[in-house]
Amino acid sequence: MAGECVPEGPDPKEMGEEELWDLINDNRHRISLGVRPCILIPYLRQARVLTEMDEDEILSCHSLTNRCMRTSHMLDMLRTQGRNGAIALLESLMIHYPTLYTQVTGRKPSTEPSRFSGLIKYSELTEYLIRAVTGMQNELKEARGEAGRMSARCASLESELGQMMEQEEKSRSLQSDNERMQRHLCSLQREVTKLKDEKCDLYIRYTAAIEEKSAMNERLHDQNLQVYQLQTELQSVQMENDFQKQRSIRCVSAPETPHLQEEVRSLRCQLAKAEKLDPARRDILAQDLAEAIDSQVQLAEQLRCYREENEKLLRDKQGLLDQKECLSLQVQQLTLDCKMHQQKCTMIQSQSRELQAERDQAYLSRDEAQAMIARILAEKDTLRSQLVELQESVFSLQAKPSPREQQHSSDEKEVSWENLGSSCEEIPLPGRRRLCRMDALNPISFSSCNSESEDPVASSVRSRNAQPPSPESLRRREEVLNADSSLETADTDSIDDFVFLPDVGSEDRKTARLVSVSGSGSYGLLRTSAPPFLVRSRPKAIRLNGRVLSISFQGEALLSQLTVVGGNKTGVFVHKVTEGSAARNVGISPGAQIVEVKYEQNQRALRMVLEDSTLEEAMWALSQVSGFCHLSLRPRQDDYEALLQQLENSETLSGDSFYVRVNLSIPAGSGGTLAVTCNDILHITNTRPASTEDLWHASQVHPCQLLDLKGGTVPNYYRAQRLLIRAIEDMNFQTKKRQKDGREVAQNRDKAVRIVSTGRQGRNPLWVSVEEEKTKSTESDAPSPSKCCVTLMPYTLVTPHYPPICRPVLLLPSVLGRMLDKKLADWQGFERCEPEVLSSSEHAARLQRSEILEECEPGGNTCYTVQSVEKVMKKGIHCVLPLGPDCVRRLHRFKIFPIIVFIGQSARSARKLRSKLQRHGQSEEQLLACSRSEEPLLDKLPCLYNSMSPDSWCDQTSLLTSLRTTIWEEQKKIVWVEPDLW
């Protein structure tokens, strides 16, 4: 409808040159802004108004810095072409810019042939239109791809936005926890303030007691002064009395004697009264003095208690201040994280809005392109139909032969067909395409061996005739190939057929001996000479077994014939082969992986699989070969070259890479020896470092990430085994010596060794297995005494596991764990595992599936099951297990890895829990006995555990706080699990 409303302007073909260029110059600004020269130039070149040099000048001139200048320059060059340049420009605008064409000319764009000026032929015009349509389709495809990428990016941004929202929710929960912790801190501060007030009251009471003591001391001093004054007065009175008595005797006359005697008697009475009063006062004063001393002692004891309470309050205050600082730092960090998350959310929302706008724009562009393509296709179809009609009309006008020409043409056709038939009879049929041998087949494995007496038409498995095979032969050949492929896809350990080569130094080297060894009697054949085609096509002793080559040769001093590189991670590859050796003569070349080696030793056929062995194991296994051997090789040239590239770039030290758990403490030594302790995790990266035979190169592993830390060398397995035996002997000798001297054996808190044996397997999982080929049983006595496998294991293999967010928690010893699990379950993020009541049939079924962890009562149906643990874990919280250490292996079978925390016990720590134990009907002796019985069982568990020292806590509250910190730290760590050796 929009096209019908456009007013029709003058036809450009009827306009003159000046009128056309005036029309173009009037719209020159619009054309310069809306046209891309690179789109119009192909049509202008097709119309021959521009040359190749003009195109290079327009598109590559450095003075034309933008598109408008290039378009204007193109218009100037077209102006020199006159009317043809203007017509070609308008026609290119009609094809590529129909809207702009309508704005310039005022006419509707159309691709009918009558609307073109004839500068381009119809065939060339059709070809150009097809190319234009193809280009538009490619642009549409690119637009669709861009729209798909934009939608994918929008979806990824939406997912990131969802993650940011989840992180915002987490930050809100952390803010709520922070507010709760702040409230708790305020309550603690109020309690501290109350304690300070009580402390002030105690100080006031202490000051009053000191003042009372000083008053009593002053009173006692005054009484002592009074006693001293009375004594001095008594002495003066006695002296005066004696003096008066002498004077009365000498000077006083007889009449005065009675009067003096009266005075003496009165003085004596007073003296007697004074003497009677003095002892009573002394007793009273002595009693007051004793009471004052007792009160002084009591006050000193109270003062000492108050000082201890003051020191404890100061320590609590310092701890609360430290906790306050930590919480303030956490609050600041959480605030910054929250602001950062908000900024990220805002940025992602703005980006998503921009992407949505870009996506809408892409959709609009795609719709416009689709509409344009549909219109162009419709026009192309009409042009094509018109072209076909014109061609038919031309052919109908030109192809009208006379009757004589028709007769002549019919005679020529008959002669040509007759000649063609005779030529077909004379020319023999070409031979069939030569068959390519895809796999080498062992001819003795076929059931039929007399190939010379067989009919070539009936059986062509080994046919050398030119005739094609019959259907029966094809069917039998397919059956043979299927049988051979089934043998190849079977277990690679059962290698049935070998081609044995004689010794390199023997005289009859040219004649090979073919031996077939199999379990069935039909294949038990022996031939002294091989068929001619087998000898001609494969003279070496090689047999293809799928992707594995089995090679037999004399392997005397095999390591002198070839060298190997690699390890358990990449595989062991042949690196170099000595020129002129037997290995070189049988065709062994670098880049082949050694999968298996077979050889004879002491009249026994031994087999060692090296597909996943370390470099040290492979070199030891190859050094044992001393005679005729069979090597199974797999060509892996790309992997071998990648390994060499990594070794050259120092990206890796070798092809070895595995993790072990150390079972003894090894001090640091000279030459870069790494110091390790018991239960450390090491990453072994090279089992045969340069110029060493009894060392491994290892690195310590980050506890929370799979990253290598400090690196160095450690003793290899057998040297570490000797160190472990020596450490056990030293510990036993020291223990016996202390017991003999009568001294108490001190408990070693740092574990020196961990006793681990191979259990029922009877072999070392860290060393290559040596098996007898017939019985497939483990060799009881290893070929070398130095490499024999004993029970003690200094290293055990471990594998990393990344458990879910919250792991179950197991507290040991079990007596203390059952006391603390209820307290621990009351905290946020923890829940106690509850037992399930099962029926008899369900109990038997779950017991058979090993889903029962522990029974509440022996013989009862109330049990703790794996399903109850998984039910709590699905909530995203820690499941507290009121169980013993026996449940760990059962949980590991279901890929559940609990956090094991062992709380060490001593007589002093047991006394701290005396009241708690009495409430649960337990005693200190039972707790210590349970701890001593369960601690040795922890070393037998296939995973690591955390041990808390008895001195790390003082009461139940501090114990629970330490437990929560320990669980939080253990949750972040990687879980290292050993293979179950029992």
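**Overall architecture and selected packing features**

The protein chain contains 25 helices and 25 strands. The model described here is predicted. Of the 982 residues of the protein chain, 34% count as buried. The chain exposes about 60,100 Å², and carbon and sulfur atoms supply 52% of this area. Among contacts between residues at least 6 apart in sequence, 69% join residues at least 24 apart.

Helical packing is illustrated by helix H1 (residues 17–26) and helix H5 (residues 67–79). Two packed helices are described by the angle between their axes and the distance between the axes. For H1 and H5, the axes come within 12 Å and cross at roughly 175 degrees. Because angles over 145 degrees count as roughly antiparallel, H1 is roughly antiparallel to H5. On the H1 side, the contact is formed by Glu17, Glu18, Trp21 and Ile24; the residues that they meet in H5 are Leu75, Leu78 and Arg79. By class, the residues of this contact divide into four nonpolar, no polar and three charged.

The buried residues of H15 are Leu615, Glu616, Glu617, Ala618, Trp620, Ala621 and Leu622.

An open sheet of six strands is also present, with the order E14-E13-E12-E11-E16-E25 and antiparallel pairing. Its edge strands are E14 and E25 (975–977), each of which pairs on one side only. From one strand to the next, the twist averages 45 degrees.

The pairings of strand E13 (residues 695–701) were considered in more detail. With strand E14 (residues 708–715), E13 pairs in the antiparallel sense over six bridges. A hairpin of six residues joins E13 to E14. Within this pairing, histidine 697 stands opposite threonine 713 in E14. Strand E13 is likewise joined to strand E12 (residues 681–686), here by four bridges, and the two strands run antiparallel. In this pairing, isoleucine 684 stands opposite alanine 698 in E13. In the strand order of the sheet, E13 thus lies between E14 and E12, with E14 forming one edge.

Technical notes. Residues numbered from 1 in each chain as written. Predicted model: local features only at pLDDT ≥ 70, side-chain atom pairs only at ≥ 80, totals over all residues. Heavy atoms only, no water. Pairing = 2+ DSSP bridges. Buried < 20%, exposed > 50% of the residue type's maximum accessible area, 1.4 Å probe, protein only. Axes fitted to C-alpha atoms, helices over the stretch in contact; angles between N-to-C directions. Contact = heavy atoms within 4.5 Å. Areas by Shrake-Rupley, 256 points an atom, 1.4 Å probe, with all protein chains shown as cover. Parallel < 35°, antiparallel > 145°, perpendicular 65-115°, else oblique. Nonpolar A, V, L, I, M, F, W, Y, C, P; charged D, E, K, R; others polar.
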